[in-house]
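Subject: Handover of a structure and findings

Dear colleague,

Please find the structure below, together with its sequence.

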Amino acid sequence: MQECPYAEKCYRKNPIHFKEYSHAHLDVIYEKGVAAGSNEYDIPAKYSSELINLQLKLLEKVFPKADKEAATKPTTTTVASKTTTTTAANPVRKEPPTSTDGTQMASTSRAAATATSRDNSNLAKKQKLTERNIRDYIPVVVEKGRMAAKLERAAPYNMFLTAITDSKATHQEPLSITLQEILDESLGEIESSVQINFMIDIGWLLGHYYFAGILDKPLLVLYGDESPELLGIGKFKPQVTAIKVNMPTPFATSHTKMMLLGYADKSMRVVISTANLYEDDWHNRTQGLWISPLLPALPEDADTAAGESTTGFKQDLMLYLVEYKISQLQPWIARIRKSDFSAVNVFFVGSVPGGHRQSAVRGHPWGCARLGTLLAKHAAPIDDRIPVVCQSSSIGSLGANVQAWIQQDFLNNLRKDSSPVGRLRQLPAFKMIYPSFGNVSRSHDGMLGGGCLPYGKNTNDKQPWLKTHLQQWKSGDRHRSQAMPHIKSYTRFNLEEQCVYWFVLTSANLSKAAWGSFNKNSNIQPCLRIANYEAGVLFLPRFVTGEETFPLGNARDGVPAFPLPYDVPLTPYGPDDTPFLMDYLQG
């Protein structure tokens with residue numbers, strides 16, 4: 001087992017991370033065991049006892065004491081008449097491969113190697129890469145040069161799910177995608193890029209950049225989660241600029257997952273994703289991505305308002321990026337302004353921290369109220385009996401009952417359509433797809449598959465009403481029932497008429513922090529309070545296909561069915577079902 005590059009500074013709480021990486025400081029504490037009579041570990045004062053206790057609980061789950069002791073017993077293997085003794089904790093390591101000119105390649109989080117005398121950073125301690133061993137580091141490898149054709153065939157939706165390592169059927173699925181394909185040269189020769197994400201393993205990401213042939217190209221990284229590796233990355237990789245997004249409150253999160261890809265011919269592309277940029281999220285988890293069409297550069301003498309889409313995507317994206325108040329984004333905002341977005345057929349729906357009010361020109365600018373503004377203008381009339389179906393990888397504190405926030409704020413916006421104002425309307429039903437304990441236990445990674453589902457017992461116990469609205473995770477049609485969903489989506493569809501009215505793919509989980517909540521002070525104009533940065537896209541039929549609805553299940557008059565990420569009809573929780581809780585992994 002390789003050593004965690006963060007060592008004592010490791011902040012991870014993902015069980016799969018502890019299955020793949022060793023931590024010497026944790027091993028010492030774990031081996032000593034709990035103190036007699038107290039059932040607690042003796043944790044040195046220099047560590048955060050809360051974090052270390054949580055990580056030790058994960059070790060207990062991943063490596064029960066009996067298994068761990070057995071795993072460390074010496075075993076003898078014979079290779080080519082040469083005998084070596086190893087332990088499971090210290091397997092024989094490969095020598096770091098080198099390039100044809102003898103220099104070591106980009107680092108990756110898949111394997112560890114000793115640091116060079118010139119570079120002793122954590123980043124350099126990872127296994128080096130060569131072209132011949134790409135399959136050792138990237139489990140699903142697709143032939144290069146074919147992504148442009150795949151994207152063309154994915155029209156008009158351009159929406160993909162990530163390939164699942166342990167579901168071979170997804171490797172050849174037309175609407176499955178890998179990170180290597182997003183960087184494929186058939187889409188354009190990348191000259192620079194921006195990665196905005198919550199969690200980023202820079203070694204893993206740069207490994208993909210190396211295999212794509214763009215390791216030396218300028219890369220701007222905006223990240224949300226603490227990352228010791230990213231703090232000093234510029235000293236060892238001068239082409240990388242990494243900036244931690246500062247949040248106004250401790251509980252706010254820079255949660256957006258977005259890529260901006262700039263090409264050598266001055267065109268560009270935008271990718272909106274639900275996946276963090278580290279290995280686990282691209283392994284056995286269901287993730288969603290929307291990839292824009294090619295956005296060519298406008299002529300030098302083009303009008304400043306030229307190149308906008310009918311959905312206003314370009315302006316909304318620029319307004320969103322301005323909210324970061326990061327100077328390094330300014331050249332990219334200028335590039336977007338000079339690019340032709342007219343081929344984009346989806347709406348940008350974002351969230352930014354702060355308090356936001358409705359304006360006369362744009363309506364509500366962010367969060368659930370922005371989605372409501374767009375639906376009220378452009379969604380076809382929908383029968384009130386059609387439920388709003390939500391699906392996310394975490395659930396926030398939603399209140400003492402369904403009325404408190406779900407109905408008053410959230411459904412009050414997502415129920416909107418372009419029906420004439422005035423007629424009496426009722427709130428639609430609310431359904432929430434979230435993996436049950438049974439869904440997770442049967443996943444490709446067993447209980448560890450729940451590592452991407454951070455919904456806890458404390459929150460769940462405060463909202464028992466939620467269970468009556470919960471639906472199982474099932475994705476047999478897309479070969480992903482055993483790939484736990486980190487995707488987040490929101491929609492309304494009609495099974496009887498086999499149609500979808502609208503669909504949202506986003507980084508936003510079902511929470512007030514992500515979507516916003518209105519203050520209830522009647523003396524002032526309602527203000528939507530949002531904590532997080534989030535980004536998503538809204539698919540509306542009138543702009544994507546020119547019709548009132550998308551086909552569901554089968555193509556209709558030459559229009560392909562909308563590619564829902566899960567099976568319909570939905571499967572409600574049974575009496576004995578419970579939502580998967582992160583506490584199951586923590587003891």
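Which residues does R335 touch, not counting residues up to four places away in sequence? Before the reply, two notes on the source are in order. This is a predicted model, in which local features need pLDDT of at least 70 and side-chain atom pairs count only at pLDDT 80 or more, while totals for chains, interfaces and linings use all residues. Residues are numbered from 1 along each chain as its sequence is written, and side-chain values use heavy atoms, with hydrogens and water left out.

**The surroundings of R335**

R335 touches E191, S192, G262, Y263, K266, S267 and M268, leaving aside residues up to four places away in sequence; contact means heavy atoms within 4.5 Å. The residue belongs to helix α13 (residues 330-337). Helices (H or I, at least four residues) and strands (E, at least two) are DSSP runs, numbered from the N terminus. R335 counts as buried because its relative accessibility is 15%; buried means under 20% relative accessible area, exposed over 50%, and partly exposed in between (1.4 Å probe, protein chains only). With its side chain, R335 makes a polar contact with the side chain of E191 at 3.0 Å. A polar contact is a pair of N or O atoms within 3.5 Å; within protein, one must be able to donate a hydrogen and the other to accept it, and residues adjacent in sequence count only if both atoms are side-chain atoms.

**The open sheet**

An open sheet with mixed pairing is formed by eight strands, in the order β8-β7-β15-β13-β12-β9-β10-β11. Two strands pair if DSSP finds at least two bridges between them. β8 (176-177) and β11 (240-244) stand at the edges with a single partner strand each, so one side of each has no neighbour in the sheet.

Strand β7 (residues 159-162) runs parallel to β8, joined by two bridges, and T162 has I177 in β8 as its bridge partner. Towards β15, β7 runs antiparallel, with three bridges; here L161 is partnered by G288. Three bridges also join β15 to strand β13 (residues 268-273), again antiparallel, and S273 stands opposite L289.

In a regular strand the side chains alternate between the two faces of the sheet. In β15 (residues 288-291), G288 and W290 point one way and L289 and I291 the other, and all are buried.

Helix α9 (residues 202-211) lies across β9 (190-197), β10 (219-223) and β11, and runs at about 150° to β10. Axes are lines fitted to C-alpha atoms, for helices over the stretch in contact, and angles run from 0 to 180 degrees between N-to-C directions.

**Strand β23 and its partners**

Strand β23 (residues 499-506) is mostly covered, with eight of its eight residues buried. Six bridges join it to strand β22 (residues 489-494) in the antiparallel sense, with R492 partnered by W502. The hairpin of β22 and β23 has four residues between the strands, and Q498 takes a positive phi near 50° there. β23 also runs antiparallel to strand β26 (residues 534-539), over four bridges, where V504 stands opposite L538.

**The nonpolar cores**

The largest nonpolar core has 117 residues, of which M258, V270, L321, W502, W515 and F539 touch the most other members. Its largest share, seven residues, comes from β23. Such a core is a set of buried Ala, Val, Leu, Ile, Met, Phe, Trp, Tyr and Cys residues joined through side-chain atoms within 4.5 Å. Another core, of 38 residues, lies apart from the largest one and includes L206, F211, M259 and L261.

**Aromatic pairs**

The structure holds 25 aromatic pairs. The rings of Y320 and Y533 form an edge-to-face pair, because their centres are 6.3 Å apart and their planes stand at 90°. Rings of Phe, Tyr and Trp (its six-membered ring) pair if their centres lie within 6.5 Å; planes under 30 degrees apart count as stacked, over 60 as edge-to-face and the rest as tilted. Y320 lies in helix α12 (residues 313-322) and Y533 in the loop between β25 (528-530) and β26, 213 residues apart. Y320 is buried at a relative accessible area of 0%, and Y533 is buried at 7%.

Yours sincerely
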